[in-house]
Amino acid sequence: MAKNLVIVESPAKAKTIEKFLGKDFQVESSFGHIADLPSKEIGINVDGDFMPNYKVPSDKKALVKKLKELSSKADTVWLASDEDREGEAISWHLFEQLKLKEANTKRIVFHEITQKAILKAVENPRSIDYNLVNAQQARRVLDRLVGYELSPVLWRKVKGGLSAGRVQSVAVRLIVEREREIQNFVPQASYKVVAEFLSEEGKKFKASIPKNFDTKEEAQEFLKSSLGAQFKVDDLQKKPAKKSPAAPFTTSTLQQEASRKLGFPVAKTMMVAQRLYEAGLITYMRTDSVNLSDDAKEDTQQEIIASYGKEYSKPRNYNTKSKGAQEAHEAIRPTSMSQHTISVDFDQNRLYDLIWKRTIASQMSSAQVERTNVRIVNNNNDSVFTANGEMIKFEGFLKVYLEGNDNDEDEEQAGMLPKLAVNEILKNKYITATERYTKGPYRFTEASLVKSLEELGIGRPSTYAPTISTIQKREYVQKGTIEGEDRNYTELKLKGKEITSKILTEKVGSDKGKLVPTDIGNIVNDFLVENFSNILDFGFTAKVESEFDDIAEGKEDWIKMIKDFYKKFHPNVEHVAENADRAKGERLLGVDPESGKNVYARLGRFGAMVQIGEATDEEKPKFASLQGDQNLTTITYEEAMDLFKLPKIVGNYEKNEVEVAVGRFGPYVKYDGMYISIPKDENAMEVDLKRAIELIEEKRKADAPIAFYEDMPVQKGVGRFGPFLKWNNIFINVNKKYDFDNLSKANIEELIEDKKRKDIEKVIHNWEEEGIRVEKARWGRSVILKGKMKIELDKTIDASALTLKEVNEYIEKNTPKKKTTKRKTTKK
């Protein structure tokens, strides 16, 4: 047994650290938190001291037992979880649950997993920082109170199964309000004037009038006045300028840039960064700091001089703007600047390359540019054209890296201008006056949402990714595909002595992969804003984050902070639960011409729908589910009435009727006994015979056997848990080891035989006549199976020693008793 036990929170991190410590150290993983609030109760003493009641989850009990045994035999226990608040809380839970002693327990932290950093941490241990622990406890407890108290209100007042969260609800509010700004935005038209000129040397360039004309008439008058005009350069100015590099990555800026440049969702960015950190390739990836250590700056400077030359090196210091920078010491950077690239996997390689370039660029010289501004006048009117040019004199950091922008398409990049001189006569090729419309607000991407949350002071590095993932999983927000619509615009053109006009068409409003609120997201947001305005207030949420920072610095008592919050929050919850009206998100669309009853768009038990009639009518109302990209906010009366035309026969195929219908689980095509789901983003009303046949053939192809094994067909598909094979009514998961699109005969046989072997191995008892089996289950447990009944046995029970009689007793004990009602008799 090793004298030293080191406990970290992940197996990958343990594996890397083990390489740096000698045989006297044994490194084990806690697999994250070993204790948390219970999942099926609030777990907080709200009637007393507000202390949380932490429990070891059932799936962690064996691990805790093992770590207890190891720690009891070790001379020293080193708690080496991450250096942020979450990591500090993990170390504290280990200390408490393993019943460690302060005398032989040491806390070590490091922001990079390198031999130098690990050995330095071992030389400089500290005790657990209870201020950081309390800050994490405060966040956990406050979020549990909000979630546990608000969610039941949503079940009663909106729809069952919903949930609310403190930061998540604010993020949804941002997206809902942005969408409404977009819907309410009215574009204003004006005419932008652009001309193409030739210099005396015959070089082409473009110039424009800075201020647009408000009306078509004004634009036409200007073009008429420009007929036969002579143009010349009135003024020309050249000014030196410089561009400076961006600071090294924080969590927020890494998430934004990986989204822009690599197309990564924020959750994927954090997952890939975690792997790079645990492999010892980058520093800790949850940080608000833009600082680089002196050693890192020196390494970076040496690498710049060696790779690009001394003139490209300019060591810089950056200041962190965020308050309470999550206790991490440095920005995200490579642990070794001499390692330009890595060869691990495609995603890790690309993210590492981005981090390396950003870090190198941050310590490089500014780019030197020359900006040229030209003013062009004419002898017929007072309008002045301007042209801007930019020439790079010295690349500096641009040789390596340029920071992205969320709305790059709007950035007009200044190009090169030809050689020009003051009073030079220019030849005009043409002038256009094009109708342009003002642009509304942009929908949020994941990256721009992170940026807004950070600017508002909402959340911290550890919360951005889970917040964005949660609001999508709960289906309050989705990544929409908005097709947009065609819009006509006018282009007037002066060429030579002729002015022409033509109507052109452009696609506007199309968006792909942007965050759009769902119907349920809109309704939940409106209900919460109306009834819990303080919880949904941006300022309040930012203030709470600031209080967490104060707790982490030892300036505030966390229990008092929670008590102060709860004594105002809880009475409000009770009042709303008792008095608030039920939220339906209801819109009156019109009147049904046949029945004369009102037509509503509203939220129903199974989602957004259209309803004809009132719930209070004697005759039951008619219902129809919304289709494809339809939503409660924008559906029209005509679209709503079309929904009642389903089911409909769209034609015949191979002598069988083809029907399009809508069921409880969505729209489908019914054909020859088959039910084929119509994709979510398609409108069932728009599915014609041609599209229905395509779906039928896709289904046939998907269901067609890819092979036969033991005279039975083998089919393949992709389900909720990934790719699978189906054989003999058995579903077999296909892991990443196999090329699912190109499975060989040997692959298929191997997968089936492996599944058969595993199924045999997991059977402990099989009483066929009684139809009862006892099998091994996950986490070291066993289960009793009889028909559709499944009874999970406690870990302490030795399933192999069970008799049929004992198993039957378990079944009887777990079979719900049928309620019998006595018939009342009355005496005559």
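Which residues does arginine 144 touch, not counting residues up to four places away in sequence? In this predicted model, the partners are Leu37, Pro38, Glu41, Ile42 and Ile44. Arginine 144 itself lies in helix 5, which spans residues 130-157. The residue is buried, because its relative accessible area is 9% and the cut-off for buried is under 20%. Its side chain also reaches the backbone oxygen of proline 38, at 2.9 Å. Glycine 43 gives a further view of this region. Arginine 144 and glycine 43 are separated by 101 residues in sequence. In space, their C-alpha atoms are 8.7 Å apart.

The chain as a whole was then examined. The protein chain has 828 residues, and 47% of them are buried. It holds 20 helices and 30 strands. Along the principal axes, its C-alpha atoms fill a box of roughly 110 × 85 × 65 Å. The exposed surface comes to about 45,100 Å². Carbon and sulfur atoms supply 48% of that area. Contacts were also sorted by sequence separation. Among contacts with a separation of 6 or more, 67% join residues 24 or more positions apart.

Helix packing was considered next. Two packed helices are described by the angle between their axes and the distance between the axes. Helix 10 covers residues 294-308, and helix 11 covers residues 346-362. They pack at an angle of about 90°, with axes 9 Å apart. Helix 10 is therefore roughly perpendicular to helix 11. From helix 10, the contact involves Thr300, Glu303, Ile304 and Tyr308. These meet Trp356, Thr359 and Ile360 in helix 11. By class, the contact has four nonpolar residues, two polar residues and one charged residue.

The buried residues are Tyr464, Ala465, Thr467, Ile468, Ser469, Thr470 and Ile471. Several elements cover them. Among these are helix 6 (166-184), helix 8 (251-262), helix 9 (266-278) and helix 12 (446-455). Strand 11 (477-482) is also part of the cover. Just after helix 13 comes glutamate 475, which takes a positive phi of about 60°.

Notes: Residues are numbered from 1 along each chain as its sequence is written. This is a predicted model: local features need pLDDT of at least 70, side-chain atom pairs count only at pLDDT 80 or more; totals for chains, interfaces and linings use all residues. Side-chain values use heavy atoms; hydrogens and water are left out. Axes are lines fitted to C-alpha atoms, for helices over the stretch in contact, and angles run from 0 to 180 degrees between N-to-C directions. Helices (H or I, at least four residues) and strands (E, at least two) are DSSP runs, numbered from the N terminus. Angles under 35 degrees count as roughly parallel, over 145 as roughly antiparallel, 65 to 115 as roughly perpendicular and the rest as oblique. Contact means heavy atoms within 4.5 Å. Ala, Val, Leu, Ile, Met, Phe, Trp, Tyr, Cys and Pro count as nonpolar, Asp, Glu, Lys and Arg as charged, and the others, Gly among them, as polar. Buried means under 20% relative accessible area, exposed over 50%, partly exposed in between (1.4 Å probe, protein chains only). Accessible areas come from the Shrake-Rupley method with a 1.4 Å probe; for residues, only the protein chains shown count as cover. A polar contact is a pair of N or O atoms within 3.5 Å; within protein, one must be able to donate a hydrogen and the other to accept it, and residues adjacent in sequence count only if both atoms are side-chain atoms.
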